[in-house]
Amino acid sequence: MKKVIKQLLEKSRFLKSIKVKDQLMILNYHRLADPAKKNLFDDGVFGPDATRFKMEMEWLKKETQIISENELIDILYHKKKMNRVCSMVTFDDGYIDNYNIAYPILKNLSIPAIFFIPTKHIIDRTLGWWDIAAYLVKNTQLTEAHFREKKWDIKNKEIATANLVYELKKMEPSRVEGYLLELSIALEVALPSNEIQGRELMSWEQIKEVSQKGITIGSHTHEHVILSKQTLNDLRFQIKKSKDILEDKLGTIIQSIAYPVGGYDHFDIETKNVSKDLGFKLGFSFLTGVNRFGSIDPYDVKRGTSQPNWSNLDLPLAFPDRIFQPVRNK
Ligand SMILES: [Zn+2]
């Protein structure tokens, strides 16, 4: 492993020469992989395993200044100047491996990070629709199903899941629950119990523990909804409810929100205005590129994600205007 790290660091020296100093690269993760554990849910949300994640964090620590939420607030609101390339680390969705795998590594390396929590998922012990859809496909014994008057080939579960997630992403949020219920009948698989779903998520005790040990907690809305599709009332409800619950549970002021899904189709000017109005100082988007100090919109702080095929993380730093997206066919 040491040899691999050395090779990566050597390679990065070439790119460093074209790296500029006014950049803030934010890496966002959802889950970290545990090769010893069988995954019952969506494989698409998994990032690196512990070994690779540790390597990425060590690289970030060596090559950049990893800043906290408060430092970014100081930079954007109080004109604090940085003279190094900066980075941040964030996690979305409140999965248990944020606590089991990421947190010990972050703590060990004294790296600040933000965990963004969809509050209803933690309260109800329920996962997002992408995980439920993947669970149903993974657990079905059928190779072909009749669903919504169509014959559906599910021999290749990876393709079937990808197609399903693609469909669900386009769907009106209020129709998703009914769709999953119908799917469960068509695939002859019972929906996973709250206990099975809850095992994949952090508990309030765990969230509170990390929040007292260097991890900042942010809002990821109450029900992980696509904010640009909400009415103004629902938009306010989703953002305010999550802030109120987190502040009540943790006894701290919540200053950051990560917009669910996070692309430019998923939040808009209204989202930004409501977030600001409700007292958030920072709003984070996703798969939107690398930030340049001096031109950061506090309500569209850009984030990217690490890629298994990157030989090193200098790539996004060297080419900040390119948007780095994961290779995912959905
Ligand atoms: Zn999310």
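User: What makes up the accessible surface of this chain?

Analyst: The surface comes to about 15900 Å², and 51% of that belongs to carbon and sulfur atoms. Keep in mind that this is a predicted model.

User: How many residues are there, and what share of them is buried?

Analyst: The chain has 330 residues, and buried ones make up 53%. To count as buried, a residue has to come in under 20% relative accessible area. As for secondary structure, there are 13 helices and 12 strands.

User: What makes D93, H220 and H224 donors of the zinc ion?

Analyst: Distance does. The cut-off here is 2.8 Å from the metal for N, O and S atoms. D93 (OD), H220 (NE2) and H224 (NE2) lie 2.1 Å from the zinc ion, so they qualify as donors. Water is not among the atoms, so the site may look incomplete.

User: How are those donor residues spaced in sequence?

Analyst: The pattern reads D-x126-H-x3-H. D93 and H220 link distant parts of the chain, 127 residues apart. D93 sits in the loop between β5 (86–92) and α4 (96–108), while H220 is in the loop between β9 (215–219) and α11 (232–250).

User: Why is D93 called buried?

Analyst: Its relative accessibility is 3%, and the limit for buried is under 20%, so D93 counts as buried. H220 goes through the same test with a relative accessible area of 1%, so H220 is buried too.

User: What share of the contacts joins residues 24 or more positions apart?

Analyst: Among contacts with a separation of 6 or more, such pairs account for 72%.

User: Which residues have the most contacts inside the largest nonpolar core?

Analyst: M57, V89, L106, F115 and W152, in a core of 71 residues. This core draws at least three residues from each of domain 1 (2–126 + 202–318) and domain 2 (129–191). There's also a second, separate core of 17 residues, including I73, I75, M82 and V301.

User: What does F115 touch?

Analyst: Leaving out residues up to four places away in sequence, F115 touches F91, N98, L106, M202, V210, I215, T216, I217 and G218. A contact needs heavy atoms within 4.5 Å.

How values were computed. Residues are numbered from 1 along each chain as its sequence is written. This is a predicted model: local features need pLDDT of at least 70, side-chain atom pairs count only at pLDDT 80 or more; totals for chains, interfaces and linings use all residues. Side-chain values use heavy atoms; hydrogens and water are left out. Donors are N, O and S atoms within 2.8 Å of the metal (3.2 Å for Na, K and Ca); water is not among the atoms, so sites may look incomplete. Helices (H or I, at least four residues) and strands (E, at least two) are DSSP runs, numbered from the N terminus. Buried means under 20% relative accessible area, exposed over 50%, partly exposed in between (1.4 Å probe, protein chains only). Accessible areas come from the Shrake-Rupley method with a 1.4 Å probe; for residues, only the protein chains shown count as cover. A nonpolar core is a set of buried Ala, Val, Leu, Ile, Met, Phe, Trp, Tyr and Cys residues joined through side-chain atoms within 4.5 Å. Domain bounds come from an automatic or database domain assignment.
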